[in-house]
Amino acid sequence: MGKATVGIGGLGGLGSNVAVALARTGVGKLILVDFDEVEESNLNRQQYFLSQVGALKTEALKENLAAINPEVELETINKKINTENFWEIFDQADIIAECLDAAEAKTMFVNAFYKGFMEGTNKKLVAVSGLAGCGPANEIVTKIITDNFALIGDGKSDINTVPVLLASRVGVAASHQANQIIRWIAGL
Amino acid sequence: MTITVNSEKKEVEKNITLAELIKFLEIDEIAIVAEVSGKIIAPDQYNSTVIQENENVELIRFVGGG
(Lines give C-alpha, C1' and ligand atoms only; values in the text may rest on other atoms or scores of the structure.)
Protein backbone atom coordinates (compact mmCIF):
# COMPACT_ATOMS: atom_id res chain seq x y z
CA MET A 1 0.00 0.00 0.00
CA GLY A 2 2.71 2.39 1.00
CA LYS A 3 4.33 2.33 -2.43
CA ALA A 4 1.23 2.87 -4.54
CA THR A 5 0.22 6.15 -6.21
CA VAL A 6 -3.46 6.60 -6.94
CA GLY A 7 -4.86 9.40 -9.10
CA ILE A 8 -8.33 10.67 -8.29
CA GLY A 9 -10.10 12.59 -11.06
CA GLY A 10 -12.87 14.61 -9.45
CA LEU A 11 -13.15 15.30 -5.72
CA GLY A 12 -16.92 15.21 -5.29
CA GLY A 13 -19.18 12.52 -3.93
CA LEU A 14 -17.05 9.72 -5.27
CA GLY A 15 -13.57 11.23 -5.23
CA SER A 16 -13.58 12.73 -1.74
CA ASN A 17 -14.88 9.47 -0.26
CA VAL A 18 -12.38 7.31 -2.17
CA ALA A 19 -9.57 9.64 -1.07
CA VAL A 20 -10.53 9.38 2.61
CA ALA A 21 -10.76 5.58 2.43
CA LEU A 22 -7.36 5.28 0.75
CA ALA A 23 -5.71 7.79 3.11
CA ARG A 24 -6.95 5.79 6.10
CA THR A 25 -5.72 2.54 4.53
CA GLY A 26 -2.28 4.10 4.11
CA VAL A 27 -1.80 4.47 0.36
CA GLY A 28 1.61 5.93 -0.54
CA LYS A 29 0.52 8.89 -2.61
CA LEU A 30 -2.68 10.50 -3.86
CA ILE A 31 -2.92 12.80 -6.88
CA LEU A 32 -6.05 14.90 -6.24
CA VAL A 33 -7.56 16.66 -9.24
CA ASP A 34 -10.51 19.07 -9.33
CA PHE A 35 -11.06 22.66 -10.48
CA ASP A 36 -14.13 23.37 -8.35
CA GLU A 37 -14.94 24.90 -4.95
CA VAL A 38 -16.77 23.40 -1.99
CA GLU A 39 -20.49 24.32 -1.93
CA GLU A 40 -22.94 23.90 0.91
CA SER A 41 -25.04 21.46 -1.14
CA ASN A 42 -21.98 19.19 -1.39
CA LEU A 43 -21.99 18.50 2.34
CA ASN A 44 -24.70 15.82 2.25
CA ARG A 45 -22.25 13.37 0.68
CA GLN A 46 -18.79 14.86 0.21
CA GLN A 47 -15.92 14.80 2.70
CA TYR A 48 -15.78 18.53 3.47
CA PHE A 49 -16.78 20.69 6.42
CA LEU A 50 -19.12 23.69 6.67
CA SER A 51 -16.13 25.89 7.42
CA GLN A 52 -14.64 24.94 4.03
CA VAL A 53 -17.52 26.23 1.85
CA GLY A 54 -15.96 28.50 -0.78
CA ALA A 55 -12.53 26.89 -0.59
CA LEU A 56 -10.98 25.01 -3.51
CA LYS A 57 -11.78 21.29 -3.23
CA THR A 58 -8.13 20.41 -3.78
CA GLU A 59 -7.04 22.59 -0.85
CA ALA A 60 -9.87 21.59 1.48
CA LEU A 61 -9.47 17.85 0.84
CA LYS A 62 -5.69 18.06 1.20
CA GLU A 63 -6.20 19.66 4.63
CA ASN A 64 -8.66 16.96 5.69
CA LEU A 65 -6.54 14.06 4.46
CA ALA A 66 -3.39 15.44 6.11
CA ALA A 67 -5.28 15.57 9.40
CA ILE A 68 -6.40 11.94 8.92
CA ASN A 69 -3.06 10.47 7.89
CA PRO A 70 -0.02 12.74 7.59
CA GLU A 71 2.04 9.85 6.12
CA VAL A 72 0.20 10.00 2.78
CA GLU A 73 1.94 12.10 0.13
CA LEU A 74 -0.58 14.50 -1.40
CA GLU A 75 -0.30 16.22 -4.78
CA THR A 76 -3.08 18.63 -5.77
CA ILE A 77 -3.87 19.72 -9.32
CA ASN A 78 -6.41 22.49 -9.73
CA LYS A 79 -7.41 21.79 -13.34
CA LYS A 80 -10.30 20.54 -15.44
CA ILE A 81 -9.26 17.19 -16.92
CA ASN A 82 -9.45 16.77 -20.69
CA THR A 83 -8.10 14.39 -23.36
CA GLU A 84 -5.00 16.55 -23.92
CA ASN A 85 -3.85 16.93 -20.28
CA PHE A 86 -4.98 13.51 -18.97
CA TRP A 87 -1.64 11.69 -19.07
CA GLU A 88 0.30 14.80 -18.08
CA ILE A 89 -1.80 14.87 -14.91
CA PHE A 90 -1.82 11.12 -14.19
CA ASP A 91 1.63 10.15 -15.45
CA GLN A 92 2.81 9.05 -11.98
CA ALA A 93 -0.35 7.18 -11.01
CA ASP A 94 -0.37 3.36 -10.85
CA ILE A 95 -4.14 3.32 -10.57
CA ILE A 96 -6.60 6.01 -11.65
CA ALA A 97 -10.10 6.55 -10.26
CA GLU A 98 -12.71 8.17 -12.51
CA CYS A 99 -14.81 10.26 -10.10
CA LEU A 100 -16.42 12.82 -12.40
CA ASP A 101 -20.13 13.55 -12.54
CA ALA A 102 -21.25 14.27 -16.10
CA ALA A 103 -21.76 11.29 -18.42
CA GLU A 104 -19.85 12.96 -21.29
CA ALA A 105 -16.92 13.78 -18.97
CA LYS A 106 -16.78 10.18 -17.72
CA THR A 107 -16.72 8.89 -21.29
CA MET A 108 -13.97 11.39 -22.20
CA PHE A 109 -11.95 10.29 -19.13
CA VAL A 110 -12.04 6.57 -19.98
CA ASN A 111 -11.30 7.20 -23.65
CA ALA A 112 -8.43 9.54 -22.69
CA PHE A 113 -6.96 6.77 -20.49
CA TYR A 114 -7.01 4.37 -23.43
CA LYS A 115 -5.73 6.91 -25.95
CA GLY A 116 -2.36 7.09 -24.23
CA PHE A 117 -2.42 3.64 -22.67
CA MET A 118 0.77 1.67 -23.27
CA GLU A 119 0.42 -2.11 -23.24
CA GLY A 120 2.65 -3.52 -20.54
CA THR A 121 2.71 -0.46 -18.27
CA ASN A 122 0.07 -2.08 -16.10
CA LYS A 123 -1.76 1.16 -15.30
CA LYS A 124 -5.30 0.54 -14.13
CA LEU A 125 -8.57 2.46 -14.24
CA VAL A 126 -11.72 2.15 -12.17
CA ALA A 127 -14.72 4.13 -13.39
CA VAL A 128 -18.29 4.56 -12.18
CA SER A 129 -21.56 4.59 -14.08
CA GLY A 130 -24.92 4.57 -12.30
CA LEU A 131 -25.37 5.47 -8.64
CA ALA A 132 -28.08 8.14 -8.52
CA GLY A 133 -31.10 8.00 -6.22
CA CYS A 134 -31.78 5.61 -3.39
CA GLY A 135 -32.36 2.34 -5.19
CA PRO A 136 -31.12 -0.85 -3.53
CA ALA A 137 -27.46 -0.81 -2.56
CA ASN A 138 -27.17 -4.38 -3.85
CA GLU A 139 -27.59 -3.11 -7.41
CA ILE A 140 -24.23 -1.30 -7.22
CA VAL A 141 -21.74 -3.86 -8.54
CA THR A 142 -18.07 -4.01 -9.52
CA LYS A 143 -17.53 -5.44 -13.00
CA ILE A 144 -14.02 -6.40 -14.08
CA ILE A 145 -14.11 -5.48 -17.77
CA THR A 146 -10.41 -6.16 -18.52
CA ASP A 147 -7.25 -6.68 -16.41
CA ASN A 148 -6.83 -2.91 -16.44
CA PHE A 149 -10.42 -1.65 -16.23
CA ALA A 150 -13.15 -2.06 -13.65
CA LEU A 151 -16.60 -0.48 -13.89
CA ILE A 152 -18.75 0.14 -10.84
CA GLY A 153 -22.40 1.07 -10.56
CA ASP A 154 -25.82 -0.15 -11.61
CA GLY A 155 -25.18 1.04 -15.14
CA LYS A 156 -28.48 2.85 -15.38
CA SER A 157 -29.33 5.33 -12.61
CA ASP A 158 -28.50 8.73 -14.05
CA ILE A 159 -28.75 11.95 -12.02
CA ASN A 160 -30.82 13.43 -14.84
CA THR A 161 -33.45 10.71 -14.92
CA VAL A 162 -33.75 9.58 -11.31
CA PRO A 163 -36.06 12.14 -9.65
CA VAL A 164 -34.59 12.09 -6.15
CA LEU A 165 -32.23 14.60 -4.55
CA LEU A 166 -30.74 12.06 -2.16
CA ALA A 167 -27.44 10.45 -3.06
CA SER A 168 -27.47 7.64 -0.54
CA ARG A 169 -25.53 5.24 -2.73
CA VAL A 170 -22.57 7.50 -3.54
CA GLY A 171 -20.77 6.08 -0.50
CA VAL A 172 -21.56 2.54 -1.63
CA ALA A 173 -20.04 3.18 -5.05
CA ALA A 174 -17.03 5.02 -3.55
CA SER A 175 -16.40 2.06 -1.22
CA HIS A 176 -16.53 -0.31 -4.18
CA GLN A 177 -14.00 1.92 -5.93
CA ALA A 178 -11.66 2.11 -2.95
CA ASN A 179 -11.95 -1.65 -2.41
CA GLN A 180 -11.11 -2.41 -6.04
CA ILE A 181 -8.10 -0.11 -5.86
CA ILE A 182 -6.90 -1.84 -2.68
CA ARG A 183 -7.41 -5.27 -4.27
CA TRP A 184 -5.32 -4.26 -7.28
CA ILE A 185 -2.56 -2.87 -5.04
CA ALA A 186 -2.59 -6.13 -3.10
CA GLY A 187 -2.25 -8.07 -6.37
CA LEU A 188 -5.71 -9.67 -6.17
CA MET B 1 -21.88 -11.54 -41.27
CA THR B 2 -23.15 -12.06 -37.71
CA ILE B 3 -21.62 -10.29 -34.74
CA THR B 4 -22.84 -9.64 -31.19
CA VAL B 5 -23.42 -6.09 -30.01
CA ASN B 6 -24.37 -5.56 -26.35
CA SER B 7 -25.48 -9.21 -26.11
CA GLU B 8 -27.68 -9.02 -29.22
CA LYS B 9 -26.91 -10.74 -32.52
CA LYS B 10 -26.64 -8.32 -35.44
CA GLU B 11 -26.18 -8.75 -39.19
CA VAL B 12 -23.56 -6.37 -40.58
CA GLU B 13 -21.44 -6.12 -43.72
CA LYS B 14 -18.16 -8.06 -43.83
CA ASN B 15 -15.03 -6.07 -42.96
CA ILE B 16 -17.04 -3.35 -41.25
CA THR B 17 -14.85 -1.03 -39.18
CA LEU B 18 -15.74 -0.10 -35.61
CA ALA B 19 -16.35 3.49 -36.78
CA GLU B 20 -18.78 2.28 -39.46
CA LEU B 21 -20.53 -0.02 -36.99
CA ILE B 22 -21.11 2.80 -34.50
CA LYS B 23 -22.49 4.99 -37.30
CA PHE B 24 -24.68 2.11 -38.57
CA LEU B 25 -26.15 1.73 -35.07
CA GLU B 26 -26.87 5.48 -35.02
CA ILE B 27 -24.86 5.98 -31.85
CA ASP B 28 -22.90 9.14 -31.13
CA GLU B 29 -19.19 8.26 -30.94
CA ILE B 30 -18.55 10.61 -28.03
CA ALA B 31 -21.25 8.96 -25.91
CA ILE B 32 -19.64 5.55 -25.64
CA VAL B 33 -16.59 3.52 -24.65
CA ALA B 34 -16.04 0.67 -27.11
CA GLU B 35 -14.93 -2.83 -26.22
CA VAL B 36 -14.19 -5.43 -28.92
CA SER B 37 -13.52 -9.05 -27.89
CA GLY B 38 -12.53 -8.00 -24.39
CA LYS B 39 -10.28 -5.09 -25.35
CA ILE B 40 -11.15 -1.41 -24.98
CA ILE B 41 -10.48 0.45 -28.23
CA ALA B 42 -9.50 4.15 -28.09
CA PRO B 43 -11.51 6.49 -30.38
CA ASP B 44 -8.51 7.26 -32.61
CA GLN B 45 -8.46 3.53 -33.53
CA TYR B 46 -12.14 3.27 -34.51
CA ASN B 47 -11.42 3.76 -38.23
CA SER B 48 -8.63 1.19 -38.28
CA THR B 49 -10.35 -1.52 -36.20
CA VAL B 50 -12.02 -4.09 -38.46
CA ILE B 51 -14.67 -6.28 -36.82
CA GLN B 52 -14.40 -10.03 -37.51
CA GLU B 53 -17.27 -12.52 -37.88
CA ASN B 54 -18.74 -13.64 -34.52
CA GLU B 55 -16.83 -10.97 -32.60
CA ASN B 56 -18.37 -9.58 -29.42
CA VAL B 57 -18.74 -5.81 -29.28
CA GLU B 58 -19.81 -3.94 -26.14
CA LEU B 59 -20.64 -0.26 -26.42
CA ILE B 60 -20.67 1.08 -22.88
CA ARG B 61 -22.85 4.11 -22.34
CA PHE B 62 -22.01 6.06 -19.18
CA VAL B 63 -24.69 7.66 -17.02
CA GLY B 64 -24.11 10.75 -14.92
CA GLY B 65 -23.54 11.00 -11.18
CA GLY B 66 -20.51 11.09 -8.91
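First, the ground rules. This is a predicted model: local features need pLDDT of at least 70, side-chain atom pairs count only at pLDDT 80 or more, and totals for chains, interfaces and linings use all residues. Residues are numbered from 1 along each chain as its sequence is written, while chains are lettered from A and ligands numbered from 1 in the order in which they are written.

Start with the sheet. Chain A has an open sheet of seven strands, in the order β3-β2-β1-β4-β5-β7-β6, with mixed pairing. Helices (H or I, at least four residues) and strands (E, at least two) are DSSP runs, numbered from the N terminus. Strands pair if DSSP finds at least two bridges between them. The edges are β3 (73–77) and β6 of chain A, each pairing on one side only. Neighbouring strands are turned by 20° against each other on average, direction ignored.

Now two pairings. β1 (5–9) and β4 (95–98) of chain A run parallel, over four bridges. There, I8(A) has A97(A) as its bridge partner. β6 (141–146) and β7 (149–153) of chain A are antiparallel, over five bridges. They form a hairpin with two residues between them. I144(A) is bridged to A150(A).

Next, the helix α5 (170–185) of chain A. This helix packs on the sheet and touches β1, β4, β5 (124–128), β6 and β7 of chain A. Contact means C-beta atoms, placed from the backbone, within 7 Å. The direction of α5(A) makes about 170° with that of β5(A). Axes are lines fitted to C-alpha atoms, for helices over the stretch in contact, and angles run from 0 to 180 degrees between N-to-C directions.

What does L22(A) contact, leaving aside neighbours within four places in sequence? V6(A), V27(A), L30(A), A178(A) and I181(A).

On to the interface. 16 residues of chain B contact 29 residues of chain A. On the chain B side, β3 (32–36) and β4 (39–41) each give two or more residues. The largest share, three residues, comes from β3(B).

Last, two loop residues of chain B. Most residues other than glycine have a negative phi. E26(B) has a phi near 55°. This residue sits in the loop between α1 (18–24) and β3 of chain B. Why is E26(B) called exposed? Because 6 other C-beta atoms lie within 10 Å; exposed means 12 or fewer, buried 20 or more, partly exposed in between, with C-beta atoms placed from the backbone. N54(B) has a positive phi of about 65°.

Note on methods. Contact = placed C-beta atoms within 7 Å.
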